Amino acid sequence: MTLTAQADPDIRPLIQPDRAKTTLYTDPEIFSAEMRKIFENTWVWVAHASEIPNPGDFKTGQVGPHPVIIVRDRKGAVHVHVNRCRHRAATVCEVSKGRTNSFVCPYHGWSYALDGSLRGVPYEKGYEGSLDKSQFPLRSLRVEEYHGMIFATFRKDIGPLVDFLGPAKKWIDLFMKQGAGYPVTTLGEHKFRFPGNWKIQLENTTDAYHFPLVHKSFLTATDKETQASLDMLNKGGFVEDLGNGHSVMVMIPELIDLEDNLDAPIPEKFKDLAAELAKDHGDIEVRRIVRAVGGSGFNLNLFPNVACSMAFFRVLQPISVEETEIRHIAIGMKGGPAAGNRARMRLHEFFQGPMGFGSPDDAEVWDRVQHGAQGDHDLWVMLNRGLATESATAEGHRRSDVSAETGMRAAYAQWARMMAV
Amino acid sequence: MTTQPITLDEAMAFTWYEADLLDSAQYDEWLTLWTADAHYVVPIEPGATDFENSLNYAYDDHTMREKRVSRLRSGLSISASPVPRTIRIQSRFRLLKSDADGCDLRCAQILTEFRRGRERNYTADVEFRLVRDDEKLKIAQKVVRLINSTEALTGIGYIL
């Protein structure tokens, strides 16, 4: 008997630099190949350090289809373990977050330390001394962290995280300035699913073109200053390819660096917040907090599964070829003024999540993409907007106007590189 | 303003009325059911009580409730065009407390939404803080605790 190797779909006829076939959204074989070739072969975001601040703190998650546990051990090191007992495969944890001293399999009681080592096996004498526990730790992924963003990979031999992030690091540095002098901490999350392929959401993070139309309901509900600020197609923004599938879309150029222009007038919409903060904080700190409260003026899309999106982390988790889970993780100031964090949470609730004034409209159009993608698989998804005006920056990055599909082209180029291997 | 305690019958009849207004899209009337400083809350964490200092799915004061109603009516929101049809059932009412200041009522709510060929269900404990204001009952707080609030939801383009 011979084992048949899992057939790899030939992706060459399906993708060009400026277009992709809709089967990329609909073909289960392509999805299966993506889980292996992409999610098992690169750095995948798993947590923010503030989600597991203390020894023993853990959360569960996924890397591609693999259930994982992200845990901080007694010495403070973060581990990412495959959530699977080495005996007969049961998960050793089904709690989404918490604090523990160990992970014990509920089936036969094998117990693992926080670092994944196998500590206890009930009725061990049944193995007649043949069980070498050192050979059966939880399977652990490689873990690296940048600015509190924790990534994991199954690959021992790929380059370090900092090399993978490359030019995106500068934008992560800028994004974290919204702590306004305090460490950035997560403040909770909105989690929702839509019936569509994960790449539809991946594209959307650097899609300014849809904003005035899909989010007209949100824009109508907000104030004049916010409308002016979010008039993103007319503010001189840009999209830039940062390599390795990453890209940045600058929607509000004046909010690239939150520490610039601190002496600018405080917007009318934040006057009450500023007055409240001024009771306990000096003028410059008030200005720093207020300027950062709505987040950075850009979306940084990190291939394949996370974005630093204005004022929150957007995390996507493929569930199946036609289902995707999205988390919008709110962030704020650790130890910062409660009024500032409250303002951030109210802004988050306003737009994000299943009951926000923005996300449900996004989810609706993505749902429509998945439905429409069932129609005539010979047609192309066009990704050529802004190609004609694209130029290279001094660093050699492709850049075009804010409504260009440059970020999508960057993501699909990385997709094609990884899928062709 | 009378301070006669609210009875279970009164409270039930009132929340059924509110449920019917939402299912039949009578939003103007619905907006008048609230006290001026009331909040409509859909929390995330089970057992949460400090809603103001927590991230919620919805934490609506009067202005936000008005915006939510406008969104349902404007035709500008693609997820609310058309607005999903909803039918909600409330039962298992329990008056947790009732005194001269008002009452705390808890009930079960099972809601079915239907839109674009899809039927979905949301089940919740609903907690009402009701007060008597000029002989009429008013909502001082409504908290919708979804049974699956910590799991992934789908877009909810209506009022729970």
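This is a predicted model: local features need pLDDT of at least 70, side-chain atom pairs count only at pLDDT 80 or more; totals for chains, interfaces and linings use all residues.
## Two helices side by side

Let's start in chain A. Two packed helices are described by the angle between their axes and the distance between the axes. Here the partners are helix H9 (residues 271-278) of chain A and helix H11 (residues 338-351) of chain A, whose axes come within 9 Å and cross at roughly 155°. Angles over 145 degrees count as roughly antiparallel, so that is how H9(A) runs relative to H11(A).

On the H9(A) side, the contact is made by A:Leu273, A:Glu276 and A:Leu277, and these meet A:Ala339, A:Gly340, A:Arg342 and A:Ala343 in H11(A).

## A closer look at H11(A)

With 14 residues, H11(A) reaches 20 Å from its first C-alpha to its last, close to the 20 Å expected at 1.5 Å a residue. How many of its 14 residues are buried? The count is 11 of the 14, so H11(A) is largely enclosed by the rest of the structure.

Just after the helix, A:Gly353 takes a positive phi of about 85°.

## Aromatic pairs and a cluster

Over all chains, the count comes to 17 aromatic pairs. One of them is formed by A:Phe39 and A:Trp198, an edge-to-face pair with 5.2 Å centre to centre and 75° between the planes. This pair links distant parts of the chain, 159 residues apart: A:Phe39 sits in the loop between helix H2 (28-37) and strand E3 (44-48) of chain A, and A:Trp198 belongs to helix H5 (residues 198-204) of chain A. Buried means under 20% relative accessible area; A:Phe39 counts as buried at 1% relative accessibility, and A:Trp198 counts as buried at 0%.

Next come A:Phe58 and A:Phe103, whose ring centres are 5.6 Å apart with planes at 80°, so this pair is edge-to-face. Distant parts of the chain are linked here too, with A:Phe58 in strand E4 (residues 57-63) of chain A and A:Phe103 in strand E8 (residues 102-104) of chain A, 45 residues apart. A:Phe58 counts as buried at 5% relative accessibility, and A:Phe103 counts as buried at 3%. Elsewhere in chain A, one aromatic cluster is formed by A:Trp45, A:Trp171, A:Phe175, A:Phe298 and A:Phe313.

## Backbone spots worth a look

Most residues other than glycine have a negative phi, and most peptide bonds are trans. Another joins B:Ser81 and B:Pro82, with omega about 0°; B:Pro82 lies in the loop between helix H3 (62-74) and strand E3 (85-99) of chain B.

As for phi, A:Ala89 has a positive value of about 85° although it is not a glycine. A:Ala89 lies in the loop between strand E6 (78-82) and strand E7 (97-99) of chain A and is partly exposed, with a relative accessible area of 36%. In chain B, phi of B:Arg116 is positive and near 45°. B:Arg116 is in the loop between strand E4 (102-115) and strand E5 (118-133) of chain B, and this arginine is partly exposed at 35% relative accessible area.

Methods: Residues are numbered from 1 along each chain as its sequence is written. Chains are lettered from A and ligands numbered from 1 in the order in which they are written. Side-chain values use heavy atoms; hydrogens and water are left out. Axes are lines fitted to C-alpha atoms, for helices over the stretch in contact, and angles run from 0 to 180 degrees between N-to-C directions. Helices (H or I, at least four residues) and strands (E, at least two) are DSSP runs, numbered from the N terminus. Angles under 35 degrees count as roughly parallel, over 145 as roughly antiparallel, 65 to 115 as roughly perpendicular and the rest as oblique. Contact means heavy atoms within 4.5 Å. The expected span of a helix is 1.5 Å times one less than its number of residues. Buried means under 20% relative accessible area, exposed over 50%, partly exposed in between (1.4 Å probe, protein chains only). Rings of Phe, Tyr and Trp (its six-membered ring) pair if their centres lie within 6.5 Å; planes under 30 degrees apart count as stacked, over 60 as edge-to-face and the rest as tilted.
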